Amino acid sequence: MTELEKARSSQTPARELSRLAQSRDYAVLQAVARNANTLEEALRLLAPTFQHEVGNNPVLSLLLLVHGGEFSALPVEIVGAMAQQERWAGQLLEWALSRKPELPIALALIGSPHVSVEQRRALFCRDLALGRSYAQAMGYDESCALLGAEFVHRLERAGFGPWAWMRAPAPLPSDDDLRV
């Protein structure tokens, strides 16, 4: 059986899938991200590259149940992948609005295509500390937080999405980048 066949098989044990998650083969990694037998740690490692596959992995419902419905108990990379999927965005947003989510979770929601501008504004403006943290994470003066959801929307359109600041320091966008 090839590595790809093993990665796709529902009979492949979790330990083998964890080994396959270290592969250099893109198709193998993608199949591991989709496999319901993949362990949480392997999904965490694959989530930034395979957001769609991890976000739609059937094991996420079970992981959320095991963690008592607390998205914050899941690795932030997995929650970020979930936020990008329509089936999870609403539930995750409702959860986030009922408590004070960690910055990466809030940023993943703000960057989700399934969260409206009004919902982003509600999340962003609900806690000014989130705006300050976002501005700080992006390397901006704290006063930028006061620009609220419109600021976030412009940053996203300029290519400064929720994962960009986690990967590497982003260069400051120019005024042209932020123009509507």
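Q: At what angle do the axes of helix 7 and helix 9 cross, and within what distance do they come?
A: In this predicted model, in which local features need pLDDT of at least 70, side-chain atom pairs count only at pLDDT 80 or more, and totals for chains, interfaces and linings use all residues, the two axes come within 8 Å and cross at roughly 15°. Residues are numbered from 1 along each chain as its sequence is written, and side-chain values use heavy atoms, with hydrogens and water left out. Axes are lines fitted to C-alpha atoms, for helices over the stretch in contact, and angles run from 0 to 180 degrees between N-to-C directions.

Q: Why are helix 7 and helix 9 called roughly parallel?
A: Angles under 35 degrees count as roughly parallel, over 145 as roughly antiparallel, 65 to 115 as roughly perpendicular and the rest as oblique. The axes cross at roughly 15°, and the two helices are therefore roughly parallel to each other.

Q: What makes helix 9 mostly covered?
A: Buried means under 20% relative accessible area, exposed over 50%, and partly exposed in between (1.4 Å probe, protein chains only). Seven of the eight residues of helix 9 are buried; among them are Leu 103, Ile 105 and Ile 110.

Q: Why are the buried residues of helix 8 said to line one face?
A: The buried residues are Trp 88, Ala 89, Leu 92, Leu 93, Trp 95 and Ala 96. Seen down the helix axis, they fall within an arc of 160°, so they line one face of helix 8. The arc is that of the directions from the helix axis to the C-beta atoms. On the other side of helix 8, Glu 86 and Glu 94 are exposed.

Q: What makes helix 6 another case of buried residues on one face?
A: Val 59, Leu 60, Leu 63 and Leu 64 are the buried residues of helix 6. Their arc, seen down the axis, is within 140°, so they line one face of the helix. Leu 62, Leu 65 and Val 66 are exposed on the other side of helix 6.

Q: Why is the pair of Tyr 26 and Phe 50 called tilted?
A: Rings of Phe, Tyr and Trp (its six-membered ring) pair if their centres lie within 6.5 Å; planes under 30 degrees apart count as stacked, over 60 as edge-to-face and the rest as tilted. The structure holds three aromatic pairs. In one of them, Tyr 26 and Phe 50 lie 4.9 Å centre to centre with 50° between the planes, and the pair is tilted. Tyr 26 lies in helix 3 and Phe 50 in the loop between helix 4 and helix 5, so the pair ties together parts that are 24 residues apart in sequence.

Q: How do you know whether Tyr 26 and Phe 50 are buried or exposed?
A: Tyr 26 has a relative accessible area of 51% and is exposed, whereas Phe 50, at 2%, counts as buried.

Q: Why is the pair of Phe 71 and Trp 88 called edge-to-face?
A: The ring centres are 6.4 Å apart and the planes stand at 85°, so the pair is edge-to-face. Both residues are buried, and ring pairs link Phe 71, Trp 88 and Trp 95 into a cluster.

Technical notes: Helices (H or I, at least four residues) and strands (E, at least two) are DSSP runs, numbered from the N terminus.
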